[in-house]
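User: I would like to learn how to read the features of a model like this one. Please take me through them one at a time.

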Amino acid sequence: MSRTVYVNGAYLPEHEATVSIFDRGFLMADGVYEVTSVLDGKLIDFDGHAVRLERSLNELDMRTPIDKDDLLEVHRELVKRNGIEEGLVYLQITRGAPADRDFAFPDPDATEPTVVLFTQNKPGLAASPAAQKGMKVISIEDIRWGRRDIKTVQLLYPSMGKMMAKKAGADDAWMVQDGHVTEGTSNNAYIVKGNKIITRPRSNDILHGITRAAVLRFAEEAQMIVEERLFTIEEAKEADEAFITSASTFVMPVVEIDGVALGDGTPGKVAPRLREIYLDESRKAAI
Ligand code: PMP
């Protein structure tokens, strides 16, 4: 069945939706995005994603073409029209399609940003078998640009990282800079040592995950100890547990790093507990 998608103010069947070949998202990866998950037909952490979107746009001197209330309305309308119970809403805003290709930004008064949203139906997203089993990761060098805090659509290296992982028989890659783990290709990274949850502090080196913020808050509310500091890949291999967070995976245990099993090689106690808390609390707060 054809999806209904949203392009620049119009709801269209997916095969009728088009964007110009001059769009700067296409030519220069000059665009930002957000992914919001849907559980029980409702949006998880919508406010957090809307706030980060605004920040990404501001950091790139891009105009905000749609206000938060309208954005919420479009998200809800797409969820409704496509009958999504569990899945995702993908949103992308680019600097639009000027008349010619040029490195300089176009005049924002003359070029409308492009706004695209579509849904991805993912039945069973919350009851994921991968969460029971845990994931295997490899480590790769982090060679991305220096503004990873902006959620841009330049995803070639993360995409290559996933392929490197796949080739190595793993599920994902953790990126390493100066010996320290930055984050996963599309998620934030954590290790657990004793009673402490350790994760890299926010900076320009990582994306400030919306799921990360919620999970750290829930962890502290549950009296767990959170330490925001750098950790090396060696330290990670000696950890009791590890996990990742993202809007599309929630909290997912990591059971192996570069072929080294963590603990007994099965998900520990902390990650599954945090997943349960995150899912419960997020369902309650979903809109
Ligand atoms: N880091 C990177 C590099 C990501 O791509 C993502 C997800 N897009 C995250 C972290 C997790 O962010 P969030 O929890 O907001 O999905």
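## Exposure and backbone angles

Analyst: Start with Asp 178, which is exposed at a relative accessible area of 69%. The scale is simple: buried is under 20% relative accessible area, exposed is over 50%, and partly exposed is in between, with a 1.4 Å probe and protein chains only. The model is predicted, so local features need pLDDT of at least 70 and side-chain atom pairs need 80 or more, while totals for chains, interfaces and linings use all residues. Residues are numbered from 1 along each chain as its sequence is written, and side-chain values use heavy atoms, leaving out hydrogens and water.

User: Where is Asp 178 placed? What is its phi?

Analyst: Asp 178 sits in the loop between strand 8 (172–177) and strand 9. Phi of Asp 178 is near 50°, a positive value in a residue other than glycine. Asn 8 is also a non-glycine residue with positive phi, about 45°. The loop between strand 1 (4–7) and strand 2 (10–13) holds Asn 8. At a relative accessible area of 47%, Asn 8 is partly exposed.

User: How many salt bridges does the structure hold?

Analyst: First the criterion: a side-chain nitrogen of Lys or Arg lies within 4 Å of a carboxyl oxygen of Asp or Glu. The structure holds 23 such salt bridges. Take Asp 142 and Arg 148, whose side chains meet at 3.4 Å, N to O. Asp 142 is buried, at 7% relative accessible area. Arg 148 is buried too, at 7%.

User: Which parts of the chain does the pair of Arg 144 and Glu 183 link?

Analyst: Arg 144 and Glu 183 form a salt bridge, with the closest N and O atoms 2.8 Å apart. This pair links distant parts of the chain: Arg 144 is in the loop between strand 7 (135–141) and helix 5 (156–167), Glu 183 is in strand 9 (residues 180–184), and they are 39 residues apart. Glu 183 is buried, with a relative accessible area of 3%.

User: Now a polar side chain. What does the side chain of Gln 177 make a polar contact with?

Analyst: A polar contact is a pair of N or O atoms within 3.5 Å; within protein, one must be able to donate a hydrogen and the other to accept it, and residues adjacent in sequence count only if both atoms are side-chain atoms. Gln 177 pairs with the side chain of Arg 148 in this way, at 2.8 Å. Gln 177 is in strand 8 and counts as buried, at 18% relative accessibility. Contact in general means heavy atoms within 4.5 Å. Setting aside neighbours within four places in sequence, Gln 177 is in contact with Asp 142, Arg 148, Thr 182, Arg 200 and Asp 205.

User: How do I read a helix, and which residues of helix 2 are buried?

Analyst: An α-helix has 3.6 residues a turn, so residues three or four places apart point the same way. In helix 2, the buried residues are Phe 46, His 49, Ala 50, Arg 52, Leu 53, Ser 56 and Leu 57. Down the helix 2 axis they fall within an arc of 165°, so they line one face. That arc is taken from the directions from the helix axis to the C-beta atoms. Their cover includes strand 3 (31–39), strand 4 (42–43), helix 3 (68–81), strand 5 (87–94) and helix 6 (210–221). Just after helix 2, Asp 61 takes a positive phi of about 55°.

User: Which residues are closest to the ligand?

Analyst: Near means a heavy atom within 4 Å. The ligand is surrounded by 18 residues, the closest being Arg 52, Lys 151, Glu 183, Ile 210 and Thr 211. A side-chain N or O atom of Arg 52 is 2.8 Å from a ligand oxygen. A ligand nitrogen is 2.6 Å from an N or O atom in the side chain of Glu 183. Ile 210 uses a backbone N or O atom, 2.8 Å from a ligand oxygen.

How values were computed
Helices (H or I, at least four residues) and strands (E, at least two) are DSSP runs, numbered from the N terminus.
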